[in-house]
Amino acid sequence: MIYELEFERPVTELRSKIKELREITKGADVDLTAEIESLEQRLEKLETDIYNNLKPWDRVQIARHPARPTTLDYIPLIFNEFMEFHGDRYYGDDEAIVAGIGEFDGRAVTIIGHQRGKDTKENIRRNFGMPHPEGYRKALRLMKQAEKFNRPIICFIDTKGAFPGKAAEERGQSEAIAKNLFEMAGLNVPVISIVIGEGGSGGALALGVADRIYMLENSTYSVISPEGAAAILWKDASQAKRAAETMKITAPDLNRLGVIDEIIPEVKGGAHRDAEEQAKAIKDILKQSINELLSLNSEELINQRYMKFKNIGEYEFEGQPEGTVLEVKQHS
């Protein structure tokens with residue numbers, strides 16, 4: 001049974017009614033075909049109305065759905081012969097980051113992604129998908145290996161953020177993230193990042209300096225969680241829904257602002273409804289992107305990546321004499 005979200009309650013109730021009528025027809029001499037067909041038509045219209053008009057907070061809930069596919073769910077559906085690598089060669093292995101080599105469309109690729117758990121035990125083992133520094137150092141080790149052997153890099157972003165605990169800070173969390181940003185900007189192989197769930201803060205950006213950035217339709221990408229923003233802005237974390245409305249963290253908003261390159265459509269109701277079908281959509285966009293990026297040489301890749309991040313957002317420059325520092329205003 002799939003866990004239903006609050007805004008889906010009318011859909012759930014109608015589905016239950018249809019199921020109930022079907023059960024009645026099995027054991028009774030009564031024909032309810034017309035009633036069932038009528039309810040199914042209503043259900044189809046209701047689903048269209050709800051899922052085609054999702055509010056930002058609705059998308060946040062879908063992005064956090066406990067059954068939403070993770071990196072390890074997508075890997076066997078998209079890649080062949082995946083071999084996972086472990087450890088950062090400095091401290092240890094961080095299971096909040098999965099990294100390894102696989103085959104895609106007849107070519108070896110490096111795959112790196114955040115990994116949360118599906119139940120309490122696995123979430124504890126994977127630290128709820130919040131990496132320590134060794135996770136980001138493992139990711140960077142695999143990126144530099146991919147560069148050495150000329151393999152495209154594919155990253156799956158799905159984290160609330162980097163782990164903010166004492167141990168992570170002691171081992172250099174901020175330095176590890178900053179080094180990933182710096183090194184990814186200069187990689188001479190194609191880098192593609194896909195936000196498949198929550199993309200939170202620097203913990204997400206550490207896998208997000210890419211030539212192409214895509215988001216699943218109901219994923220989010222933000223500098224802070226809606227709850228965190230609400231606590232800062234209004235001293236009230238319960239205002240998270242209001243914060244989600246103003247933060248521009250959804251795929252449609254970020255596509256319009258030029259932060260991402262394209263939205264990958266989701267199956268109706270969210271990726272958790274059909275992981276295999278969702279994987280096909282991801283696979284199609286990956287094939288197209290890799291073919292486009294492999295046509296560029298390393299210098300073209302790096303220059304294009306630089307311009308991509310330089311041009312994100314909309315800016316107004318106040319007129320000042322040449323050679324002076326310009327005041328910049330950014331529109332959200």
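## Helices H6 and H8

Helix H6 (residues 133-148) packs against helix H8 (residues 173-185) at an angle of about 20°, and their axes lie 8 Å apart. H6 is therefore roughly parallel to H8, a term for angles under 35 degrees, with 65 to 115 counted as roughly perpendicular, over 145 as roughly antiparallel and the rest as oblique. The axes are lines fitted to C-alpha atoms over the stretch in contact, with angles running from 0 to 180 degrees between N-to-C directions. Helices (H or I, at least four residues) and strands (E, at least two) are DSSP runs, numbered from the N terminus.

The crossing of H6 and H8 is left-handed. Contact (heavy atoms within 4.5 Å) involves Pro133, Tyr136, Arg137, Ala139, Leu140, Met143 and Lys144 of H6, and Gln173, Glu175, Ala176, Ile177, Lys179, Asn180, Glu183 and Met184 of H8. By class, eight of these residues are nonpolar, two polar and five charged. Ala, Val, Leu, Ile, Met, Phe, Trp, Tyr, Cys and Pro count as nonpolar, Asp, Glu, Lys and Arg as charged, and the others, Gly among them, as polar.

## Basis of the model

The model is predicted: local features need pLDDT of at least 70 and side-chain atom pairs pLDDT 80 or more, while totals for chains, interfaces and linings use all residues. Residues are numbered from 1 along each chain as its sequence is written, and side-chain values use heavy atoms, with hydrogens and water left out.

## Helices H10 and H11

Helix H10 (residues 226-233) and helix H11 (residues 240-247) have axes that come within 8 Å and cross at roughly 100°. H10 is therefore roughly perpendicular to H11. On the H10 side, Pro226, Glu227, Ala229 and Ala230 make the contact, and on the H11 side Ala240, Ala243, Ala244 and Met247. Seven residues of this contact are nonpolar, none is polar and one is charged.

## The second largest pocket

The second largest pocket holds about 280 Å³ of space. On a 1 Å grid over the protein atoms alone, a pocket is an open set of points where a 1.4 Å probe fits, with protein on both sides within 12 Å along at least five of seven lines; lining residues have an atom within 4 Å of a point. The volume is the space filled by probe spheres set on the points.

Of the 16 lining residues, Arg64, Arg116, Gly117, Asn123 and Lys160 are the closest to the centre of this pocket. Helix H5 (120-125) and strand S4 (153-159) each supply at least two lining residues. The lining has three nonpolar, six polar and seven charged residues.

Note on methods: A crossing is left-handed if the near helix is turned anticlockwise from the far one by less than a right angle, and right-handed if clockwise.
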